[in-house]
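Subject: Structure handover

Hello,

Please find the structure below.

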Amino acid sequence: MIALALALQVASVANGHDDTILNTARNFVRISEDLATSGQIFSEHINAIADQGFHVVVNLATADAERNGQEGFWVAEKGMTYVNIPVSWTEPTLEDVDQFFAVMEANRDRKVYVHCFANMRASVFTYLYRTLKAGVSDEVAKQDMLAVWDPTENERWLQWDRLIQSARDRNRRQ
């Protein structure tokens with residue numbers, strides 16, 4: 001475990017980032033210089049996000065007083081923009097995807113940090129944005145999602161595979 005933590009620290013510093021604190025966020029994934037995802041963040045993560053020059057924090061989790069009740073305040077206090085799109089775990093919708101795409105497009109030239117409770121919602125929405133709007137290949141974008149989870153591997157998660165398929169189908173028709 002210590003060797004893994006050291007390897008992550010060395011890799012993140014070598015890439016120009018000191019993700020030491022961010023690596024403590026559940027399922028943290030550094031996608032690029034301008035995009036990262038994770039599970040729930042706390043004040044120490046918000047400080048690190050601000051220190052790394054992120055401009056926008058997008059929370060895809062539903063409101064929970066204990067988990068994220070002060071998050072918007074902490075983010076705004078650091079001078080960043082905070083957006084909450086409360087995506088239902090059991091019933092994610094294409095409308096949620098549209099809202100996320102609109103936020104990402106509006107912040108195309110800014111550094112964006114996307115999260116939810118476990119980086120499952122965030123990784124799917126980010127995967128969809130990257131493949132359907134940002135021109136990233138499915139193969140490349142899928143690797144970042146699979147680093148967190150595979151929405152097809154558990155029948156209790158089929159709503160997420162259906163959302164991915166619906167978003168893809170709609171994109172093909174447009």
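**Leu-60 and the cores**

Not counting residues up to four places away in sequence, Leu-60 touches Asn-84, Ile-85, Pro-86, Val-87, Phe-100, Val-114, His-115, Cys-116, Arg-121, Ala-122 and Phe-125; contact means heavy atoms within 4.5 Å.

The model is a predicted one: local features need pLDDT of at least 70 and side-chain atom pairs count only at pLDDT 80 or more, while totals for chains, interfaces and linings use all residues. Residues are numbered from 1 along each chain as its sequence is written, and side-chain values use heavy atoms, with hydrogens and water left out.

A nonpolar core is a set of buried Ala, Val, Leu, Ile, Met, Phe, Trp, Tyr and Cys residues joined through side-chain atoms within 4.5 Å. Buried means under 20% relative accessible area, exposed over 50%, and partly exposed in between (1.4 Å probe, protein chains only). The largest nonpolar core has 37 residues, of which Val-58, Leu-60, Phe-100, Val-114, Phe-125 and Leu-128 touch the most other members. Helix H6 gives the most to this core, with eight residues. Another core, of 13 residues, lies apart from it and includes Ala-25, Phe-54, Val-75 and Met-80.

**Helix H6**

Helices (H or I, at least four residues) and strands (E, at least two) are DSSP runs, numbered from the N terminus. Helix H6 covers residues 120-132 and reaches 18 Å from its first C-alpha to its last, close to the 18 Å expected; the expected span is 1.5 Å times one less than the number of residues. Of its 13 residues, 13 are buried, so H6 is largely enclosed by the rest of the structure.

Thr-126 lies in this helix and counts as buried, at 3% relative accessibility. A polar atom of its side chain lies 2.7 Å from the backbone oxygen of Ala-122. Leaving aside neighbours within four places in sequence, Thr-126 is in contact with Ile-31, Leu-35, Thr-37, Phe-100 and Val-114.

**The sheet**

Five strands form an open sheet in the order E1-E2-E5-E3-E4, with mixed pairing; two strands pair if DSSP finds at least two bridges between them. The edge strands, each pairing on one side only, are E1 (29-32) and E4 (81-84). E1 and E2 (residues 35-38) run antiparallel and are joined by three bridges. Arg-30 stands opposite Ala-36 in E2.

**Gln-159**

Gln-159 is found in helix H8 (residues 158-173) and is buried, with a relative accessible area of 10%.

Regards

Conventions. Polar contact = N/O pair within 3.5 Å; in protein donor to acceptor, adjacent residues only side chain to side chain.
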